[in-house]
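Colleague: I would like to learn how to read a protein model step by step, beginning with the whole chain and then turning to single residues. Could we look at one together?

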Amino acid sequence: MKKTLLSLALATLTATAIADSGNDAHFKRATANSVDDDAPWVEQAAVLPVYPLAPEWLDFSGGNLERNRLALDGKSITLGQDGVVRYSLRVLTPGGVANISREGLRCQTQDVRSYAFADTVAQRWIESMKPLWRPIRREDTVRRALKDLLCDGGTPRRSAEATIEYIRKHP
């Protein structure tokens, strides 16, 4: 019994000494491509695109209860270096009114931000008065559907082209 306890204590001390040796090259190499959680996230400057005169609307479903017709402009989808997927969204009401917005979605945190709204008469963007990041709420079926289309788990899809292809396959 004493030999077992002594062996266990010796194994524990040896493992602790190895772990504290500072030789974490393997760990650094294995996590070299991971996101540095200690560094604060910084959003890159978002520039509004030219107003979409000939958009490539890609329809998608917001779920069984969504009465509006939803679409993303395939030409407007961008993947930022900051991990934000930016896109132009059209919500077409049953009465035929089109609401177009320029938004961004952070897949990692599941937050969304409205950058601007379309003035369809003057064909221009009107910047949002409250361009704040906000969590996607459970009852926001449109943004939840967008999260499922634009994100692969907690990260954006690998490219804008891959995102467009995924939307076409999963309307």
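Colleague: Among contacts in the protein chain between residues at least 6 apart in sequence, what percentage join residues at least 24 apart?

Modeller: Please keep in mind from the outset that this is a predicted model, and that a contact here stands for heavy atoms within 4.5 Å. Taking the contacts between residues at least 6 apart in sequence, the share that joins residues at least 24 apart is 45%.

Colleague: How many helices and how many strands are there in the protein chain?

Modeller: Reading from the N terminus, the elements run α-α-β-β-β-β-β-β-β-β-α-β-β-α. Counted by kind, the protein chain holds four helices and ten strands.

Colleague: What percentage of the 171 residues are buried, and what part of the accessible surface belongs to carbon and sulfur atoms?

Modeller: A residue is called buried when its relative accessible area is under 20%, and by that cut-off buried residues make up 33% of the 171 residues in the chain. The accessible surface of the chain comes to about 11600 Å², and the part of it that belongs to carbon and sulfur atoms is 56%.

Colleague: Is helix α3 mostly covered or mostly open, and how many of its residues are buried?

Modeller: The buried residues of α3 are Val142, Arg143, Ala145, Leu146, Lys147, Leu149 and Leu150, a list that includes charged residues such as Arg143 and Lys147. The helix is therefore described as mostly covered, with a buried count, out of its ten residues, of seven.

Colleague: How are α3 and α4 oriented to each other?

Modeller: The axes of α3, residues 141-150, and α4, residues 160-169, come within 9 Å and cross at roughly 120°. Angles of 65 to 115 degrees would count as roughly perpendicular and those over 145 as roughly antiparallel, so the two helices are classed as oblique.

Colleague: Which residues make the contact of α3 with α4, and how many of them are nonpolar?

Modeller: On the side of α3 the contact is made by Asp148, Leu149 and Leu150, while α4 brings Thr163, Tyr166 and Ile167. Sorted by class, the contact has one charged residue, one polar residue and, as the nonpolar part, four residues.

Colleague: Is Ser76 buried or exposed, and which backbone atoms does its side chain reach?

Modeller: Ser76 is found in the loop between β2 and β3, and it counts as buried because its relative accessibility is 8%. Setting aside residues up to four places away in sequence, Ser76 touches Arg86, Tyr87, Ser88 and Arg102. Its side chain reaches the backbone oxygen of Asp73 at 2.7 Å and, at 2.8 Å, the backbone nitrogen of Ser88.

Colleague: How far apart are the C-alpha atoms of Tyr51 and Arg102?

Modeller: Tyr51 lies in the loop between α2 and β1, and at 11% relative accessibility it counts as buried. Leaving aside neighbours within four places in sequence, Tyr51 is in contact with Ile100, Ala118, Asp119, Thr120, Gln123, Arg124 and Trp125. Arg102 stands 51 residues from Tyr51 along the chain, and their C-alpha atoms are separated by 10.0 Å.

Colleague: Which residues is Gly80 in contact with, leaving aside its neighbours within four places in sequence?

Modeller: Gly80 lies in the loop between β3 and β4 and is buried, with a relative accessible area of 17%. Its C-alpha atom is separated by 8.9 Å from that of Ala46, which is 34 residues apart from Gly80 along the chain. Apart from those neighbours, the residues in contact with Gly80 are Gln44 and Arg86.

Methods:
Residues are numbered from 1 along each chain as its sequence is written. This is a predicted model: local features need pLDDT of at least 70, side-chain atom pairs count only at pLDDT 80 or more; totals for chains, interfaces and linings use all residues. Side-chain values use heavy atoms; hydrogens and water are left out. Buried means under 20% relative accessible area, exposed over 50%, partly exposed in between (1.4 Å probe, protein chains only). A polar contact is a pair of N or O atoms within 3.5 Å; within protein, one must be able to donate a hydrogen and the other to accept it, and residues adjacent in sequence count only if both atoms are side-chain atoms. Axes are lines fitted to C-alpha atoms, for helices over the stretch in contact, and angles run from 0 to 180 degrees between N-to-C directions. Angles under 35 degrees count as roughly parallel, over 145 as roughly antiparallel, 65 to 115 as roughly perpendicular and the rest as oblique. Accessible areas come from the Shrake-Rupley method with a 1.4 Å probe; for residues, only the protein chains shown count as cover.
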